[in-house]
Amino acid sequence: MSTIRLTVNGRPYTVDAEPKTSLLTVLREHLDLTGSKYGCGEGQCGACTVLIDGKAQRSCVTQVGSISQRQITTIEGLASGEQLHPVQEAFLDAEAMQCGYCTSGMIMSAVALLQRNPAPKESEIIAFMDGNVCRCGTYPRIVSAIQKAAKVATASSAAKGAGR
Amino acid sequence: MSNRNQAQILLEPERYELTAAAPYRFDLDRREFFKFLGAGVLVVSILKSAVVAQESGGASQRRGDSLPKEIDAWLHIGENRKITVYTGKVEMGQNIRTSLSQAVAEELQVPIEKIEMVMGDTQLTPFDMGTFGSRTTPTMNLQLRKVAAAAREMLIGLAAAQWQTDRQKLVAADGKVTDPQNNRSLDYAALTKGQQLTQIVTVGTSLIPATSWKVAGQSAIKVDGRDFVTGRHRYPSDQKLPDMLYGKVCRPTSFNATLVSVETQKAKQMGATVVHDGNFVGVAAASTELAAAAIAAIHAEWKSEPQPSSKELFDYLRKNTVEGKDSTGDGDRFDLGSVDQALGSADHRLQQTYTVSYIAHTPLEPRAALAKWDGDNLTVWTGTQRPFGVRGQLAEAFRISEDRVRVLMPDTGSGYGGKHTGETAIEAARLARAAKRPVKVGWTREEEFTWAYFRPAGVIDVSSGVRSDGTITAWEFHNYNSGSAGIRSYYEIPNQHIVFHATNSPLRQGSYRALAATANHFARESHMDEMAHVVKMDPLEFRLKNLKDERLRAVFEAAAKQFGWGKTKTPGQGFGMGGGYEKLGNIATFAEVGVDRKSGEVKVVRVVSAFECGAIVNPDNLRNQIEGSNVQGLGGALFEAIEFENGKILNGKMSQYRVPRFSDVPVLETVLLDRKDLPSAGAGECPMVGLAPAIANAIFDASGVRLRSLPLVPDGLKQS
């Protein structure tokens with residue numbers, strides 16, 4: 001057992017865990033951040049996706065000992081207060097979910113994609129998101145949601161630019 | 001066929017899991033036994049015997065729904081103006097929390113956000129057999145509409161009495177009863193004054209006709225959608241209680257194995273609670289890691305007999321029928337005219353065999369349960385489509401009366417027919433009883449792939465006779481093992497012999513979205529194309545020539561129009577169709593595929609679905625269900641198959657079992673036919689059944705290769 005320091009959603013945490021414990025287990029069991037989901041345990045379905053220093057990572061195959069000092073963002077840290085992140089808004093508007101179990105991971109992956117590529121083509125969305133599984137089959141709606149979020153983000157940054 | 005517009009109340013024989021025995025039977029605690037005897041609650045039920053049989057998954061599987069009719073069991077209007085609706089139905093992604101809210105909002109004339117749905121809690125909600133078979137919309141939606149309408153009428157009556165005026169002059173709208181002539185109104189809460197409304201719902205309660213719907217019939221955003229996009233919603237696997245332990249079960253090395261010996265000393269030394277009770281060995285510990293380590297430290301020896309493997313599956317099914325078992329119901333066989341004679345005199349005869357593999361539901365949330373004992377009372381939170389069924393299983397496993405068991409179902413991470421049983425609930429409860437603390441058991445993906453049940457595999461033999469002018473004269477159809485849902489033909493054929501043969505399945509099997517309708521439509525609609533080819537007719541023309549049902553003709557015609565049936569194709573391109581009706585819905589699916597004969601790659605490029613299920617309740621959610629059916633159906637059609645050998649699953653991991661992903665999805669186009677004059681039916685299953693034959697027929701159209709096994713191209717299209 002080691003004492004591991006983590007920064008999750010901007011908050012510092014100290015947990016006692018084996019360094020090889022998965023980040024997903026630590027988030028869910030130690031920190032009670034259950035928005036990140038277990039789906040496969042081998043990084044194949046994306047339900048556990050979180051951002052580590054802004055990059056989408058599968059927390060089920062990330063050892064918690066390997067990421068101290070780094071910035072971890074989970075679905076719980078995405079909205080600012082009651083203000084949803086544009087990707088969250090877009091998922092709601094596009095009804096891009098059925099059971100919603102994949103939704104956290106989908107949203108986190110989409111946020112990472114849009115940070116890297118603010119105006120992705122449809123083919124780029126599909127390629128980037130292909131590691132995230134939605135068993136209910138809402139893929140087309142997820143693609144539209146991401147496109148919509150991209151438009152909103154582009155428009156708002158353009159508006160900000162114009163205001164300067 | 002005459003009853004096709006009535007809500008279906010029979011249970012199909014392939015719902016094997018509903019009649020299976022509890023997976024464990026524990027030794028009875030003597031003290032508990034006598035405690036119960038003393039308390040006088042050993043004899044269980046106050047329910048009618050038929051209901052008990054359904055509820056516990058007991059002997060009878062052919063009973064209908066039994067819906068309590070008293071309004072106070074279903075709906076409550078609080079003084080805070082909150083409307084609370086109680087239903088035993090559960091939400092797992094089909095979005096009925098929203099669509100049922102819409103129905104109530106419409107009839108009660110209140111804004112949708114005023115309605116709270118309490119669902120799937122065996123203590124608070126009335127008995128419900130389970131959420132399956134696309135029955136929520138035709139039964140529960142209608143039932144709740146009646147309940148809400150009766151409440152509305154009663155509130156109007158209360159206001160009329162209070163104001164001593166004619167009720168005809170009063171209007172219910174926006175949560176109030178208004179008297180427009182005298183310019184006065186009272187809101188519902190003020191009228192009810194918190195008292196319990198005990199009104200019996202009558203047949204004559206007038207419902208608002210679909211043509212006048214304002215809330216129902218419109219797209220509505222998921223009522224609690226915000227909780228899902230923020231990660232706030234707590235699924236069964238997210239449930240937590242103070243002092244909770246994490247449980248794990250020691251799994252046998254193969255199916256049908258018995259425990260020979262077990263050594264648990266090391267696990268105990270690690271601080272885990274260890275339970276060894278019959279064939280059950282499990283642990284509970286302070287963390288998942290510790291529980292996993294304790295399980296790894298247990299040395300268990302299992303023995304089992306040799307078992308069949310997927311390589312020999314179809315031969316095995318044919319040779320292991322159990323005639324008489326489950327094959328006596330009306331749905332399981334059908335005879336008309338004389339097939340032998342008609343086959344003898346047909347211009348063309350065709351005989352083919354079609355097969356489908358076992359597939360796994362793979363709900364993204366694996367089974368999970370949290371169990372807690374308070375003395376002899378058990379509470380379990382679990383993801384199940386049948387909370388009352390799981391309550392019965394728990395009562396049976398622990399030999400306690402059902403009134404000591406409460407099962408709650410937080411909205412769960414999908415089911416698709418795969419979460420009808422209570423394995424995890426029983427495991428968690430057994431461990432919690434030993435640990436004297438709450439215990440959560442969450443299955444790993446590998447456990448879900450191995451210890452859940454599968455969609456039945458099947459072999460289907462079809463023999464047909466057809467005249468040169470394209471009239472089908474004979475139809476013989478034998479389904480081995482996969483099931484009888486959708487087994488009857490909707491084509492007009494004077495001579496038919498249709499039989500479902502139950503078999504001794506080598507794997508545990510049970511309900512899967514659309515049941516055997518997927519297999520039966522695949523065989524029937526593939527065979528239709530093969531017959532059309534024999535008589536050199538266009539497949540659409542051939543179908544319509546043999547089809548009288550107007551609703552089904554309408555969807556075929558609508559889909560053909562949207563698809564552009566008859567257009568010319570380029571090399572490697574192929575078009576195909578499949579359709580039918582199931583669970584009161586009508587579907588026609590047209591598919592375009594691209595086949596690369598060099599690489600063998602098959603890509604489904606475009607899918608057009610035309611669907612009609614009576615009056616549409618929520619068009620956007622309906623589209624979502626149809627799209628989802630098609631995307632999920634792609635897996636079973638193209639590449640999903642469980643491989644097994646001698647009692648072991650060979651591909652029980654997400655990395656080994658391919659499910660549809662973003663890059664597999666074709667362009668999906670949906671045509672909705674809204675029949676406001678017909679009762680609303682469900683849509684979670686039917687839209688799936690046309691897809692596999694449409695793709696198979698399109699592959700034939702593109703390549704000349706006829707594929708008769710699902711999945712069609714797990715390794716691409718092989719050279720023939």
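At what angle do helix α2 (residues 86-93) of chain A and helix α3 (residues 103-116) of chain A pack? In this predicted model, the angle between helix α2 and helix α3 of chain A is about 130°, and their axes are 9 Å apart. Angles of 65 to 115 degrees count as roughly perpendicular and those over 145 as roughly antiparallel, so α2(A) is oblique to α3(A). The crossing of α2(A) past α3(A) is right-handed.

On the side of α2(A), the contact is made by Val87(A), Gln88(A) and Phe91(A). From α3(A) come Thr103(A), Ile107(A), Ala110(A), Val111(A) and Leu114(A).

Chain A is assigned two stretches as domains: domain 1 (2-77) and domain 2 (86-159). The centres of domain 1 and domain 2 of chain A, taken over C-alpha atoms, are separated by 21 Å. Where they meet, 15 residues of domain 1 of chain A are in contact with 13 residues of domain 2 of chain A. Strands β3 (49-52) and β4 (55-58) of chain A each supply at least two residues of the domain 1 side. The largest share of that side, 3 residues, comes from β3(A).

Chain B has 18 helices and 27 strands. Of its 720 residues, 55% count as buried. Among contacts in chain B between residues at least 6 apart in sequence, 78% join residues at least 24 apart.

Key
Residues numbered from 1 in each chain as written. Chains lettered and ligands numbered in written order. Predicted model: local features only at pLDDT ≥ 70, side-chain atom pairs only at ≥ 80, totals over all residues. Helix = DSSP H or I, 4+ residues; strand = E, 2+ residues; numbered from the N terminus. Buried ≥ 20, exposed ≤ 12 C-beta atoms within 10 Å, placed from the backbone. Contact = placed C-beta atoms within 7 Å. Domains from an automatic or database assignment. Axes fitted to C-alpha atoms, helices over the stretch in contact; angles between N-to-C directions. Parallel < 35°, antiparallel > 145°, perpendicular 65-115°, else oblique. Left-handed = near helix turned anticlockwise from the far one by under 90°.
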